[in-house]
There are 2 protein chains.
Amino acid sequence: MSDECRVETALEILVGKWKPVILFQLFSNGTMRFSELQKAIPDITKKMLTSQLRELEYHDIVHRKIYQQIPPKVEYSITEYGIGMTPVLQTMNDWGMAHVEHLNELYGEVREVESFEVKDELVGK
Amino acid sequence: MSDECRVETALEILVGKWKPVILFQLFSNGTMRFSELQKAIPDITKKMLTSQLRELEYHDIVHRKIYQQIPPKVEYSITEYGIGMTPVLQTMNDWGMAHVEHLNELYGEVREVESFEVKDELVGK
DNA sequence: GTACTAGGTATCATTTTGTATACTATGTTT
DNA sequence: AAACATAGTATACAAAATGATACCTAGTAC
């Protein structure tokens, strides 16, 4: 029996409040500028977007291409190596879908947080 | 990737400083008492062990069997449903192993962690 | 009647993550 | 010469996760 566990290594790449959604965007759209990512993920701050992208870059999952021009232009994309994460993400996603079902069976339907929104005008009335 | 992203759902089960190692222990050893888990994971506090186990129990990954006796005896094990996580853990572990190699190529030797393996009896249950 | 056992809770301190907001750089446009 | 554009940094703060330590329970052995 091997006593080596690298689940945590894979986890390391994915953990962080915004990493899955960043990866989702880049996998879906190919190349994106910093500002496009910001638009696609409205609630993220520049600081978080930057830090999460840098971590992904460190792990060679995301490539950062700088155009030397003013105003600046920086494009992000999944590296060729990063594409190799697809099976991991796919497997996790598939299991996750099934698991949401399973939780529903166990505990009943749970409302999606984001689907519930109160219009500003109504708040406090 | 699909347009519904449940990677985060899968992450939810795995995230937490101690969850991977707890799962590793239970997958490897089958049934374990609370105190056995503590012995196997020396640095974990009772509080963390309890809270992580409760979360895994909520997700129906871990089963908690209480023996009504004094002093107390409580046994933990992977549920039948939990066994279904094996492909996820296996995929993450495999990719993680390769990724450690990749990081070594990029930055030189750095790390040592544990790896993940499922007890034979549990496979295909 | 005291100590021991196992599997926890309760409380508070510390560390890690994430948020909010302001600031920077610099060539181009007005 | 002021404003604009983009991709960030810097600083301060708040919230969440984790850690340290003490305490609880109730039978049983001494």
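Student: Which helices and strands of chain A and chain B each supply at least two residues of the surface near DNA strand C?

Tutor: This is a predicted model, in which local features need pLDDT of at least 70 and side-chain atom pairs count only at pLDDT 80 or more, while totals for chains, interfaces and linings use all residues. Residues are numbered from 1 along each chain as its sequence is written, chains are lettered from A and ligands numbered from 1 in the order in which they are written, and side-chain values use heavy atoms, with hydrogens and water left out.

Chain A supplies at least two residues from helix H4 (46-58), and chain B supplies at least two from each of helix H3 (34-40), helix H4 (46-58) and strand E3 (73-78). Helices (H or I, at least four residues) and strands (E, at least two) are DSSP runs, numbered from the N terminus. H4(B) gives the largest share of this surface, with 4 residues.

In total, 19 residues surround DNA strand C, and the closest are Lys17(A), Lys47(A), Arg54(B), Arg64(B) and Tyr76(B); a residue is near a strand if one of its heavy atoms lies within 4 Å of it. Of the atoms of DNA strand C that come within 4 Å of the protein, sugar and phosphate account for 62%. By class, the residues of this surface divide into 8 nonpolar, 3 polar and 8 charged. Here Ala, Val, Leu, Ile, Met, Phe, Trp, Tyr, Cys and Pro count as nonpolar, Asp, Glu, Lys and Arg as charged, and the others, Gly among them, as polar.

The side chain of Lys47(A), by contrast, places an N or O atom 2.4 Å from a base oxygen of DNA strand C.

DNA strand D may be set beside this description. Its surroundings comprise 19 residues, the closest being Arg54(A), Arg64(A), Tyr76(A), Lys17(B) and Lys47(B). At least two residues each come from helix H3 (34-40), H4 and strand E3 (73-78) of chain A and from H4 of chain B, and H4(A) provides the largest share, 4 residues. Ser35(A) has a polar side-chain atom 2.9 Å from a phosphate oxygen of DNA strand D, whereas an N or O atom in the side chain of Lys46(A) is 3.1 Å from a base nitrogen of DNA strand D.

Technical notes
A polar contact is a pair of N or O atoms within 3.5 Å; within protein, one must be able to donate a hydrogen and the other to accept it, and residues adjacent in sequence count only if both atoms are side-chain atoms.
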